Amino acid sequence: MIEFERVTKRFGSWTAVDAVSFTVAEGEFRVLIGPSGSGKSTVLRMINRLIPADEGAIRIDGEDIASLKPEELRRRMGYVIQSVGLFPHWTVERNIATVPGLLGWPKARIRDRVTELLELLNLDPRRYRSAYPHQLSGGQQQRVGVARALAAEPRILLMDEPFSALDPITRASLQTELSAIHRRTGTTVVFVTHDMDEALRLGDSIAVMDHGRLIQCASPLDILTRPASPLVRDLVGREEWGLKRLAVETVGDRARRQESAAGEPLAAETPLHRALSEMVARGTERLPVVDGDGRPAGVLHLSDLVRPSTGGTA
Amino acid sequence: MTVAGMAPREFLTDRLILGLVALVALVLGMPSLKPLFATLYPGLDRPLYEAESFVRLTLDHMALVGISSLAAILLGGGAGIAVTRPWGREFRGLLETVATMGQTFPPVAVLALAVPVMGFGPEPALIALTLYALLPVVENTVAGLDGVPAPVLDSARGLGMGPAEMLFRVELPLAAPVILAGVRTAVIINVGTAAIASTVGAKTLGLPIIVGLNGSNQAYVIQGALIVAALAVVIDAGFDRLAIWLARWSQH
């Protein structure tokens with residue numbers, strides 16, 4: 001658990017972070033979003049003490065980070081940045097092994113862990129283990145960057161616009177993989193972005209920042225349906241609002257459980273905007289739904305998509 | 001890069017090996033060239049410099065260059081590292097000024113100033129050569145460390161490397177080629193400058209050159225200059241080899 005209590009950071013006369021308080025629960029995927037200069041990256045970099053706080057307290061699992069050695073604190077967290085920052089003179093394997101090496105893991109354990117991580121990030125270990133960073137594409141480099149951050153099984157993963165420099169297709173696949181990794185490992189993630197679609201897609205909760213202040217911290221649904229300020233509404237945008245609204249709920253949330261129907265079923269965790277797309281593509285108003293184990297889990301009707309739910313409308 | 005692993009053609013065209021062969025041949029074989037110099041300069045009573053053996057002069061020359069370069073590497077490298085640390089940043093301007101002054105000062109002037117303090121001999125020469133070699137080492141150490149990309153440093157720090165781990169595992173290996181280029185410049189300059197050190201009584205390959213200039217004996221000048229030139233070629237080629245080894249080491 002990460003706690004910020006009235007944390008302030010000034011650079012000269014400029015207040016980058018202004019008395020910010022929030023809590024990130026264990027295992028939560030928290031997105032920090034805001035315009036440039038809003039203080040979101042500064043908040044992230046204060047969690048691992050790359051930037052020291054001027055006022056207030058930052059606690060991790062109840063422990064004030066000011067009382068810890070910065071290097072030890074950082075080795076317990078993963079850190080991924082937009083420009084990747086792989087060590088150009090080291091192989092992929094040695095890059096990934098950075099933190100386990102610093103922690104003094106035995107060689108065999110490090111090697112196994114590198115293999116495991118390369119597979120987790122969809123990089124063939126035989127092909128990429130001994131490659132150098134300059135031999136990889138931008139997307140592959142960031143995969144290695146994520147693997148390096150995860151290497152020592154950190155309980156907290158800090159990511160500063162990690163996918164912003166990638167092309168849309170690579171970005172989408174890394175987002176999907178990151179979601180899966182988060183679900184599987186239960187790591188607490190703090191993720192900075194300026195892209196609301198990315199925030200809605202990845203976050204369990206979204207904290208919106210502006211001018212060093214925390215404007216709103218809420219679930220993606222609430223950010224969409226109950227924006228706390230015009231800025232939040234602008235960040236979400238009017239364009240395709242309905243599709244964004246659908247994207248934050250899954251088929252399982254709205255399916256009629258008792259019914260059944262014929263046809264190619266959708267997985268219950270499919271976002272609703274995909275279901276809508278699927279209905280248009282198939283020319284049908286009803287789609288069968290299956291749960292994670294492939295068992296029938298009801299039917300989704302077109303009318304269910306426009307039904308005003310708990311979240312209300314814009 | 002073992003000699004045994006080389007094809008014959010490669011072996012014969014290798015600059016380091018050719019230079020070494022030429023250097024050894026010149027140093028050991030100079031006395032046998034006496035008849036040649038006697039023919040070239042029939043007016044000279046003593047066409048071969050025989051006051052000191054060329055082997056002795058070459059070894060002393062190399063020692064002087066080696067010690068002064070090593071001192072410049074330790075001092076200049078250490079200072080270059082210090083001024084790129086957070087605690088030493090303020091001294092960067094001062095260091096660069098001092099190092100530039102060290103090089104703009106003519107070596108002869110340094111020698112002349114050092115002699116009254118330290119007397120004749122190799123000591124004032126060591127001081128002058130060390131000062132002279134300082135600038136390229138300092139400049140390249142600072143430039144090399146400055147050239148390490150900021151995201152690399154950010155992620156090194158963010159992953160939990162301490163200052164020493166960052167310096168030795170990331171910064172120095174990445175800066176090494178640039179630092180080595182500075183050391184190379186410094187050593188090559190010193191091979192030539194060390195010859196001048198003979199004016200204050202250091203025994204170097206400059207001795208036959210200076211004696212020859214004073215006594216209008218061109219044969220002496222040529223004998224000293226030939227060996228200095230061969231030495232410079234060998235050292236230059238040696239640095240080429242070193243750069244290749246270093247590239248491999250830094251990827252280790």
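## Contact between chains A and B

The contact between the two chains is built from 16 residues of chain A and 16 residues of chain B. On the side of chain A that touches chain B, at least two residues each come from helix H2 (70–75), strand S6 (77–81) and helix H4 (98–102) of chain A. By residue type, this side of chain A divides into eight nonpolar, five polar and three charged residues. The model described here is predicted.

## Overall form of chain A

Chain A contains 15 helices and 13 strands. Along the principal axes, its C-alpha atoms fill a box of roughly 55 × 50 × 35 Å. The radius of gyration of chain A is 21 Å, which agrees with the value near 20 Å that a compact globule of 314 residues would have. Of the 314 residues of chain A, 40% count as buried.

Contacts in chain A can also be sorted by separation in sequence. Among those between residues at least 6 apart, 65% join residues at least 24 apart. The chain is divided into two parts: domain 1 of chain A covers 2–242 and domain 2 of chain A covers 250–306. Taken over C-alpha atoms, the centres of domain 1 and domain 2 of chain A are separated by 33 Å.

Strand S8 of chain A spans residues 188–193. Six of its six residues are buried, so S8(A) is largely enclosed by the rest of the structure.

S8(A) pairs with strand S3 (residues 29–33) of chain A, to which it runs parallel, and five bridges join the two. In this pairing, A:Thr193 of S8(A) has A:Ile33 opposite. Strand S7 (residues 156–160) of chain A also pairs with S8(A) in the parallel sense, over five bridges. Here A:Ile156 stands opposite A:Thr188 of S8(A).

## The S11-S12-S13 sheet of chain A

An open sheet of three strands in chain A has the order S11-S12-S13, with mixed pairing. Its edge strands are S11 (266–267) and S13 (296–301) of chain A, each of which pairs on one side only.

Strand S12 (residues 286–290) of chain A runs antiparallel to S13(A), and four bridges join them. One bridge partner pair is A:Leu287 with A:Leu300, the latter in S13(A). Helix H14 (residues 272–282) of chain A lies across S11, S12 and S13 of chain A, and runs at about 130° to S12(A).

## B:Ile210 in chain B

B:Ile210 is placed in helix H10 (residues 206–214) of chain B.

Leaving aside residues up to four places away in sequence, B:Ile210 touches B:Ser198 and B:Thr199. B:Gly224 is 14 residues from B:Ile210 along the chain, and the C-alpha atoms of these two residues are separated by 9.1 Å.

Note on methods: Residues are numbered from 1 along each chain as its sequence is written. Chains are lettered from A and ligands numbered from 1 in the order in which they are written. This is a predicted model: local features need pLDDT of at least 70, side-chain atom pairs count only at pLDDT 80 or more; totals for chains, interfaces and linings use all residues. Two residues are in contact if their C-beta atoms, placed from the backbone, lie within 7 Å. Ala, Val, Leu, Ile, Met, Phe, Trp, Tyr, Cys and Pro count as nonpolar, Asp, Glu, Lys and Arg as charged, and the others, Gly among them, as polar. Two strands pair if DSSP finds at least two bridges between them. Axes are lines fitted to C-alpha atoms, for helices over the stretch in contact, and angles run from 0 to 180 degrees between N-to-C directions. The radius of gyration is taken over C-alpha atoms; the globule rule is 2.2 Å times the number of residues to the power 0.38. A residue is buried if 20 or more other C-beta atoms lie within 10 Å of its own, exposed if 12 or fewer, and partly exposed in between; C-beta atoms are placed from the backbone. Domain bounds come from an automatic or database domain assignment.
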